[in-house]
Amino acid sequence: MMNVSRRHFVAAGAAALGAAFLMEDGRAAVAAGRFSQYDKQARGILAQMSLAEKIGQMTQPDKNYLKNPDDVANYSLGSVLSGGDSDPKSGNDLISWTDMYDGYQERALHSRLHIPLVYGVDAVHGHNNVIGAVIFPHNIGLGCARNPELVEKAARITSEEVRATGINWAFAPCVAVPQDIRWGRTYEGFSQDPDIVKTLGVAAVKGLQRASLDDPLAVLACSKHYIADGGTKWGSGKTGLDQGDAEVDETTLRRIFLPGYTATIAAGVGSIMPSYSTWNGVRCSASKKLLTDLLKNELGFEGFLISDYGALNQLPGTYKQQIQTSINAGMDMVMVPDKYVEFIDLLRELATEGSVPVSRIDDAVLRILRVKIAMGLMDRKRSPLADRSLHRTFGSPEHRAVARDCVRQSLVLLKNEGNLLPLSKSAGRIHVSGKTADNMGNQCGGWTIFWQGKTGEPTIGTTILTAIRSAIGSGMKVTFSEDGSNAMGAKIGIAVIGEKPYAEMFGDRSELRLDNEDVGVIARMKSQGLRVVVVLVSGRPLVIDEILPHADAVVAAWLPGSEGDGVADVLFGANKPTGKLSFSWPKGASTSFHIGDSGYRTLFNPGYGLAYS
Ligand code: GLC
């Protein structure tokens with residue numbers, strides 16, 4: 001579905017929800033109801049469990065903090081995660097990840113009740129921890145493509161590549177609705193528009209969880225970060241915005257930040273991750289109103305809640321009080337991630353002394369067991385170990401072709417003076433420049449092999465320079481210099497500029513102008529008489545006032561991932577640009593970048609995007 005009007009787009013979103021539908025205020029008219037169907041079987045397992053085993057199911061350490069891998073069985077752990085940079089000791093390759101997962105899962109099968117693990121990773125734009133995986137555009141680019149079918153297709157490939165390592169839980173999709181692009185997690189959001197977020201969030205859940213969670217290629221999805229993680233006020237977070245405070249009334253909360261959850265719950269998402277941030281000063285992980293009253297009781301969420309990484313430590317009081325507050329508020333599983341033995345001991349104390357009712361423990365464990373049953377993990381006829389036959393298609397050309405199409409459809413043409421684009425394939429010499437022209441790490445952004453990403457070559461793929469070189473005709477010549485020097489004689493320059501990788505709080509920025517190096521590259525090429533195409537590779541709109549008068553064409557490429565060919569496809573006209581902005585684009589004169597603030601001045605509005613004439 002391409003280039004659709006907003007009305008059709010939203011209608012497609014409602015259709016994508018399947019049987020469940022949304023009432024005008026966004027509440028699911030038909031609760032998910034996907035997991036209570038497993039109540040009987042789950043209660044049968046629960047009845048056999050000791051208090052220690054129940055608490056073990058609620059415990060998720062990071063594998064880096066496991067004192068002994070056998071603790072998986074010793075404590076009947078329900079889950080293990082690999083957070084950012086928590087990789088196999090033997091390396092970030094496919095075999096090492098698969099061996100690592102199987103090692104922990106085998107130990108889980110040695111627990112008294114043989115309950116398998118759900119193993120969680122941040123597969124947020126492909127199986128991005130593993131070298132050789134296809135790296136898709138981050139959500140901000142997919143939001144500009146506005147194509148739910150394509151998002152679902154990308155998520156299906158992601159789930160297949162995640163399952164190739166055996167892993168069965170992705171902490172995705174992020175259904176944040178970023179309202180201030182100074183936030184370091186803007187690129188994890190599809191859009192500032194809740195309708196786009198809702199529709200693409202559902203598509204991602206359907207792709208990851210497939211038609212049925214017990215599909216051997218499905219992974220458990222996780223809508224995050226609940227709620228209003230993207231609505232915080234500048235200055236309320238330690239680094240500016242991240243993990244700060246969303247100061248909004250309940251009507252605004254429901255209108256802007258809730259639809260992504262209502263819709264993905266209706267689509268059957270099995271887990272939801274509460275946000276580090278606060279709503280009107282209350283930590284989401286401590287809010288019974290948010291976790292139990294709204295999510296579980298009103299919206300009928302029947303999966304389980306997983307805390308964010310060490311989020312309980314941010315709550316007031318001692319560790320014991322933090323655990324008590326969050327579990328009683330409705331948290332079901334805790335991403336500890338380090339002090340898991342202490343967590344288990346303290347929660348057992350709380351349950352024994354009655355500070356946490358055993359009924360709350362039972363409800364949490366029932367939710368976790370129901371999801372595991374839905375995933376087929378409790379089916380003794382099936383092995384939870386990796387299916388290594390999937391290694392055959394891991395990072396395959398077919399998978400890369402879909403990612404390349406995502407790149408094409410995510411690009412937004414912002415300027416095209418004199419119809420410079422599409423470039424002719426016989427235009428003599430093209431000079432390519434910029435820090436990101438030949439830099440896979442910049443092209444992929446954060447959450448790629450490394451938590452913060454890494455400039456350079458962290459993984460396998462096609463850089464934009466390589467793509468340009470393979471796109472040109474035989475009569476053409478491509479030269480390259482990162483700083484734009486030695487361009488004299490070429491007619492056309494392509495400057496690939498933007499941001500270096502970052503993630504979370506490390507991406508909060510108080511101002512959004514281009515760095516001097518990038519401005520210099522464009523000036524240098526212009527001074528040598530070239531017409532210049534600017535390709536902006538960034539995790540958000542940036543202030544481009546300074547270069548706009550000098551650039552002949554400007555393309556927003558976001559964080560395209562491993563398949564740079566998709567950029568060349570559009571630059572040379574193999575494909576036309578169809579992307580439409582899913583965020584407004586700021587003017588440099590803005591004194592604020594928060595949507596709705598009087599000081600926010602827009603250069604382009606959401607929905608903007610030129611076509612080739
Ligand atoms: C991080 C992020 C969250 C991620 C989790 C596990 O801090 O907030 O998005 O899923 O920890 O890595």
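**Group meeting: the ligand site and the cysteines**

The ligand takes up the space of the largest pocket. Before I go on, note that this is a predicted model.

I will start with what lies around the ligand. The shell is made of 13 residues, and the closest of them are Asp 122, Arg 185, Lys 224, His 225 and Asp 308. Sorted by class, that shell has six nonpolar residues, five charged ones and two polar ones.

For His 225, the distance from the side-chain N or O atom to a ligand oxygen is 2.7 Å. For Lys 224, the corresponding distance is 2.9 Å. For Tyr 276, the value is 3.0 Å, again between a side-chain N or O atom and an oxygen of the ligand. On its own, the ligand would expose 310 Å², and the protein buries 96% of that area.

Now to the cysteines. How many disulfides does the structure hold? The count is zero. Take Cys 144, which is in no disulfide: the nearest cysteine sulfur belongs to Cys 406 and is 13 Å away. Is Cys 144 buried or exposed? Cys 144 is buried, because its relative accessible area is 1%, and the cut-off for buried is under 20%.

Notes. Residues numbered from 1 in each chain as written. Predicted model: local features only at pLDDT ≥ 70, side-chain atom pairs only at ≥ 80, totals over all residues. Heavy atoms only, no water. Near = heavy atom within 4 Å. Polar contact = N/O pair within 3.5 Å; in protein donor to acceptor, adjacent residues only side chain to side chain. Areas by Shrake-Rupley, 256 points an atom, 1.4 Å probe, with all protein chains shown as cover. 1 Å grid on protein atoms, 1.4 Å probe; cavity = no way out; pocket = protein on both sides within 12 Å on 5 of 7 lines; lining within 4 Å. Sits in = over half its atoms within 2 Å of the grid points. Nonpolar A, V, L, I, M, F, W, Y, C, P; charged D, E, K, R; others polar. Disulfide = S-S within 2.5 Å. Buried < 20%, exposed > 50% of the residue type's maximum accessible area, 1.4 Å probe, protein only.
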